[in-house]
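My notes follow the order in which I checked things.

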Amino acid sequence: MSSPLRLGTRGSALAMAQSGQVAEALTAATGRPVELVEVVTAGDRSSAPVHRLGVGVFVSALRDALTAGTIDFAVHSYKDLPTAAAAGLHVAAVPPRQDPRDALVAKGGRTLAELPPGTVVGTGALRRIAQLHALGLQLEVTPIRGNIDTRLRRVLGPDADLDAVVLARAGLARIGRADAITETLDPMLMLPAPAQGALAVECRADDTDLVELLAVLDHAPSRAAVVAERALLATLEAGCSAPVAAYAELAEGDVGEEIYLRGAVISPDGTRDLRLSRTGTPADAAEIGKALAAELLDLGADSILGHDGSTGPGTQQFGSTE
Ligand SMILES: NCc1[nH]cc(CCC(=O)O)c1CC(=O)O
């Protein structure tokens, strides 16, 4: 028996669950044993809002451990990965993506349409805050942070202080709490974050044996969707905490497989809401993402994102209620 591969993981329930699932799938497919090695990241240590900590807070300690050689590979929530490539590292596999949609967990089993004006909804991401405001339902949106269990407790626990929270369906499903969901939100209302629900299995680029081994976990349609969504994000020069949404679906069209990419840039107060879509072939995934981003920029996405010197999300006050 060969020595176990060391899979670096954060200690959160979500990270442990997704690392455990990848470890099992790899062992099942290749017979190689895998051991989990816990790595603490800056994102785990701080309770500041994520858009203040900056992109990559959950990722950099894992990448440092990869580069240093103390772990062999790592599993990231793909949406937490900065769009800039990491020197010397390689995403060797994108496993089959989970349901990328967002989910509502509301008191009394309520759906979005059943939330009365003034309902206090907690969510951390500017993208969700912006889209909740854009619905025009007079929801009182409050920024929250913490791991999934902490967020659920704020609605379902004995000291609940929120009426509802919005989270990624995939995260809830991975930690076995999909039962708490009161509505899975249609992308027409709440377009997901680029790469939401997808995982990135990363190792050192020069570890060619491992690159080859991990490739058994790769799922081409999931990779194509993520490539399109992240090309859009990168072209907008936005990170995982920007009010940018993107969702690519693959389907069999008249001329073979087609990719249908939707993208949105929404101002945090919901008053400006740009949504566009584009279709093409999966082989052109990156070009489709870039082209859709260019169209959004033509319509003024820059001023929403604050790249043109006007007031953008970076200057909004979201930290005060944390
Ligand atoms: N930013 C935190 C984060 N990173 C990945 C997920 C969920 C799982 C996924 O999207 O793959 C979550 C929690 C959430 O957004 O509710």
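**Entry 1: the open sheet.** I kept in mind that this is a predicted model. I looked up the strand order first. Five strands make an open sheet, ordered E7-E6-E8-E5-E9. The pairing is mixed. Which strands stand at the edges? They are E7 (140-142) and E9 (183-184). Each has a single partner strand, so one side of each lacks a neighbour in the sheet.

Entry 2: I then checked E6 (residues 120-122) against E8 (residues 164-168). They pair in the parallel sense, over two bridges. Val-121 is opposite Ala-164 of E8.

**Entry 3: helices across the sheet.** I looked up H5 (residues 126-134) next. It lies across E5 (102-106), E6, E7 and E8. Relative to E7, H5 runs at about 180 degrees. H6 (residues 148-156) lies across E5, E6 and E8. Its direction is at about 155 degrees to E8.

**Entry 4: a helix pair.** How do H9 and H10 pack? H9 (residues 220-235) and H10 (residues 285-298) meet at an angle of about 35 degrees, and their axes are 7 Å apart. The crossing is right-handed. On the H9 side, the contact residues include Ala-224, Val-227, Ala-228 and Leu-232. On the H10 side, they include Ile-288, Gly-289, Leu-292 and Ala-293. By class, I noted eleven nonpolar, two polar and three charged residues in this contact.

**Entry 5: a buried strand.** Is E4 (residues 89-93) enclosed or open? Five of its five residues are buried, so the rest of the structure largely encloses E4. E4 runs antiparallel to E10 (residues 199-204), and four bridges join the two. Leu-89 stands opposite Arg-204 of E10.

Entry 6: Nonpolar side chains tend to be buried together in soluble globular proteins.

Leaving out residues up to four places away in sequence, Val-201 touches Val-22, Phe-73, Val-75, Val-91, Ala-92, Ala-93, Pro-95, Leu-214 and Leu-217.

Key
Residues numbered from 1 in each chain as written. Predicted model: local features only at pLDDT ≥ 70, side-chain atom pairs only at ≥ 80, totals over all residues. Axes fitted to C-alpha atoms, helices over the stretch in contact; angles between N-to-C directions. Left-handed = near helix turned anticlockwise from the far one by under 90°. Contact = placed C-beta atoms within 7 Å. Nonpolar A, V, L, I, M, F, W, Y, C, P; charged D, E, K, R; others polar. Pairing = 2+ DSSP bridges. Buried ≥ 20, exposed ≤ 12 C-beta atoms within 10 Å, placed from the backbone.
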